[in-house]
Amino acid sequence: MDNEVAKASEERMKKSVASLKEGFTSLRTGRAHAGIFDRLRVNAYGAPLPMNQVANVSAPEARLIVIQPWDRALIGEIEKAIRSSELSLNPSNDGKVIRISIPPLTGERRKELVKQARASAEQSKVAVRNIRRDGNEELKKLLKDGKITEDDESKGSACLQKLTDGFCDQVQRVLDEKEKEIMAV
């Protein structure tokens, strides 16, 4: 029974790390990459649609992103979505494609982004620890209900702690990688 608690906790912890990685894709670094638009929604055909469903996004150069809408009528909406986003980018269009030049980041902006990344990573670590707490509470409930023994509860708790340590280390590695990417000139 305690094995089920550990498996359920592990799945939730995996989702927490995956969420952090997804959040990091929208953190802009000094290099152009299409992933910064993954969370951007464009008002198209009466509904907010993800950018990748209305246009092809590519980064042909290190400091240039090209967005080619599948329907040219949406070029204005795509441009509006980019301008109103928190990405601080200035798109220009020629009627067929949108080009976005990615300016190099200042040292101050890099430090700001690292601070944001650290805050997100800390939130993920807190989420992982909360999952451990929930698992431990579930184990205590199972013990109280007589479904597991004290030894099983102790082993389950140790297993949850091991999982927590592993996932916190994983969050730290993801953060270190993102910091390195942000600070690279």
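Helices (H or I, at least four residues) and strands (E, at least two) are taken here as DSSP runs, numbered from the N terminus. With that convention, the protein chain of this predicted model reads α-β-β-β-β-α-β-β-α-α along the sequence. That makes four helices and six strands in the protein chain.

A look at the overall dimensions comes next. The radius of gyration of the protein chain is 22 Å, whereas a compact globule of 185 residues would have a value near 16 Å. Taken along the principal axes, the box filled by the C-alpha atoms of the protein chain is roughly 70 × 40 × 25 Å.

Strand β1 spans residues 41-44 and strand β2 residues 47-50, and the two pair in the antiparallel sense over four bridges. Together β1 and β2 form a hairpin, with two residues between them. A44 has A47 in β2 as its bridge partner. In the turn, Y45 has a positive phi of about 55°.

Attention now turns to the helices at the end of the pattern. Helix α3 covers residues 107-144 and helix α4 residues 150-183; their axes come within 10 Å and cross at roughly 170°. Since angles over 145 degrees count as roughly antiparallel, α3 and α4 are therefore roughly antiparallel to each other. The contact of α3 with α4 draws on 14 nonpolar, eight polar and nine charged residues.

Finally, there is the matter of empty space. Rolling a probe the size of a water molecule over the atoms shows where such space is left. The largest pocket holds about 240 Å³. Its lining consists of 13 residues, and those nearest the centre of the pocket are S26, L27, I36, E86 and L87. By class, the lining of the largest pocket has six nonpolar, three polar and four charged residues.

Terms used
Residues numbered from 1 in each chain as written. Predicted model: local features only at pLDDT ≥ 70, side-chain atom pairs only at ≥ 80, totals over all residues. Heavy atoms only, no water. Axes fitted to C-alpha atoms, helices over the stretch in contact; angles between N-to-C directions. Parallel < 35°, antiparallel > 145°, perpendicular 65-115°, else oblique. Nonpolar A, V, L, I, M, F, W, Y, C, P; charged D, E, K, R; others polar. 1 Å grid on protein atoms, 1.4 Å probe; cavity = no way out; pocket = protein on both sides within 12 Å on 5 of 7 lines; lining within 4 Å. Points joined across faces, edges and corners; volume = space filled by probe spheres on them. Rg over C-alpha atoms; globule rule 2.2 N^0.38 Å. Pairing = 2+ DSSP bridges.
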